[in-house]
Amino acid sequence: MSIDAFRKDADKVISRLNESKEHFAVVVTHDDADGLSSGAIIKEALERSKFEVKIIFLEKIFPEVVKDLHSNYNLIFYTDIGSAHANLISSLNSKNSLTIILDHHNASGGESNNVYDLNLEKYGYKGETDFSGATITYLFAKQLNSRNEDLIYLALVGSKEIPDGFLGINKGLVEEAERKGYIKKKGNDYLITKFNTTLGEMFSSLQILGSVGYYSQGPEIGIKAAISGIDTSIEEKIKSLEFKRKNANKKLIEALLKGSLKKLNRIQWFDASNFFKGMGTKVLGTFCSYLSYQTHIVDQDKYIVGIVDMPSEIPNWGKLEKEYCKISARAPKKLQELIRSKKSISVVDLLVNSTGPHGFADGHDFAASAIITKGSETEVIKRMDSL
Ligand SMILES: [Mn+2]
C-alpha cells in the first residue's frame with residue numbers, strides 16, 4: 001500500500017493538466033452525498049486555480065452523455081463515478097481530451113487515450129472501506145495545491161457513506177482534520193467547525209438534495225451547501241423535499257397494500273412512476289430497501305423489484321435520445337440466506353441476466369439497479385421471474 005505512489009502519479013497527471021493550458025473543465029460527478037462532496041471539492045479547487053467549471057450530476061454513466069462530452073470538451077473530470085467504465089470512457093474519447101477519474105468504485109482498468117484513473121484501489125486500498133470518492137478527490141485537490149487542505153471536512157462528509165466508519169486513509173484524515181481544527185468531536189459524530197453542522201447532518205442534507213431534488217436544482221444547491229454551509233433557504237428546501245418524499249412513500253405503501261404489488265413465482269414487483277414524479281430515481285432504491293423490512297407487505301423469499309419511468313432530461317446537459325426506466329431490486333432477509341447459500345442467484349445477477357440487450361445493470365448481492373429502455377419492462381419482468 002503506498003500513498004506515495006499515488007501522489008507521484010497524481011503529480012504526473014497534474015503536469016499534464018498544466019501543460020494543456022486548458023481553462024475550462026467539465027466535472028461529471030455522482031448524484032449522491034459522496035458525489036456532491038467530491039464535486040464540491042474539485043469545483044472549488046479548480047476555481048481557485050482559475051478554471052471555469054461546468055458540473056454535471058449523473059446517477060449512472062450513460063454512454064450517449066459520455067460520447068457527447070468527449071466530442072465537445074478538452075478537459076473532463078469524473079468524481080465518485082467512472083472507474084467501472086474507464087474502458088468505455090477511453091473508447092469514446094474521440095478528441096483525446098485529458099480525462100481524470102477520481103473514484104472508489106471497482107476499477108475496471110483498460111484506460112487509454114489520455115484517460116487517467118487514479119483510483120486508490122490500484123495502490124492497495126479498498127474502495128468499500130478505506131476511502132470514498134470524496135477522499136480521493138480531496139487528496140488530488142491537495143496535491144494540486146496545498147491550500148486546498150481546508151476542504152478536508154468534505155472528504156469526511158462523503159466518507160459517511162461507508163458503513164464501517166473512518167478506516168484506512170480516512171482514519172488518518174479524521175486525526176489530521178481534528179488536530180488542525182477543521183472538525184471537533186461532538187457525541188458520536190464530528191462538528192464541521194466553520195458551519196456548526198455535523199458531518200452526519202451535512203451528509204444527510206446532501207443525500208436528500210441529490211436524490212429527491214435531482215430535477216429541481218438539488219445537486220447545485222448541495223454543492224453550495226457543502227462549500228458555504230446550510231443557510232435558512234437551503235434548510236427550507238431540504239424540509240420541503242423531505243416532506244414530498246415522505247408523502248410519496250406513504251401513498252405508495254397504501255397502493256401496495258391495496259394490490260399494486262404484483263406477486264409472481266419468484267419476484268414481487270410494482271410500478272412507482274405515478275408516485276415519485278419530479279424526484280430523482282434514486283428514491284426508488286431507498287424505498288425498496290425500506291420495503292424489504294415490511295414483513296406484512298412483502299414475501300420474504302421473493303426478490304423485490306420496483307420500476308419508475310425516468311425523465312429524459314439530464315440537468316445541465318440536455319435530453320437523452322431514448323426513453324428509459326429505472327429498476328431497483330432488493331432481497332428480503334430470507335432470500336438473503338438463500339443467496340448466501342447459493343440456492344438463489346444474487347440480486348445483481350438477476351438484473352444483469354434479465355436486462356440483457358435492453359439496458360445495463362450494476363450492484364451487489366442483495367441490492368442492485370438497472371436502466372432499461374422504455375417498452376421492454378414486461379419482457380424484463382418475465383425473464384426475471386423465470387431466472
Ligand atoms: Mn461514493
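Predicted model: local features only at pLDDT ≥ 70, side-chain atom pairs only at ≥ 80, totals over all residues.
**View 1. The hairpin of strands E15 and E16.** Strand E15 covers residues 359–363 and strand E16 covers residues 367–373; the two pair in the antiparallel sense over 5 bridges. Between them lie 3 residues, and together the strands form a hairpin.

**View 2. The two faces of strand E15.** In a regular strand, side chains alternate between the two faces of the sheet. In E15, Gly 359, Ala 361 and Gly 363 make up the covered face, whereas Phe 360 and Asp 362 make up the uncovered one.

**View 3. The open sheet containing E15 and E16.** The sheet consists of 6 strands in the order E9-E10-E11-E14-E16-E15, with mixed pairing. Strand E9 (262–263) and E15 stand at its edges and have a single partner strand each, so one side of each lacks a neighbour in the sheet.

**View 4. The parallel pair E10 and E11.** Strand E10 (residues 267–271) pairs with strand E11 (residues 303–310) in the parallel sense, over 5 bridges. Within this pair, Trp 269 is placed opposite Val 305 of E11.

**View 5. The largest nonpolar core, around Leu 154 and Val 157.** This core has 115 residues, and Leu 154 and Val 157 have the most contacts inside it. At least three of its residues come from each of domain 1 (3–230) and domain 2 (251–386). Leaving aside residues up to four places away in sequence, Val 157 touches Ala 33, Ser 37, Ala 134, Leu 199, Met 202, Phe 203 and Ala 226.

How values were computed:
Residues numbered from 1 in each chain as written. Core = buried A, V, L, I, M, F, W, Y, C linked by C-beta atoms within 7 Å. Buried ≥ 20, exposed ≤ 12 C-beta atoms within 10 Å, placed from the backbone. Domains from an automatic or database assignment. Contact = placed C-beta atoms within 7 Å. Helix = DSSP H or I, 4+ residues; strand = E, 2+ residues; numbered from the N terminus. Pairing = 2+ DSSP bridges.
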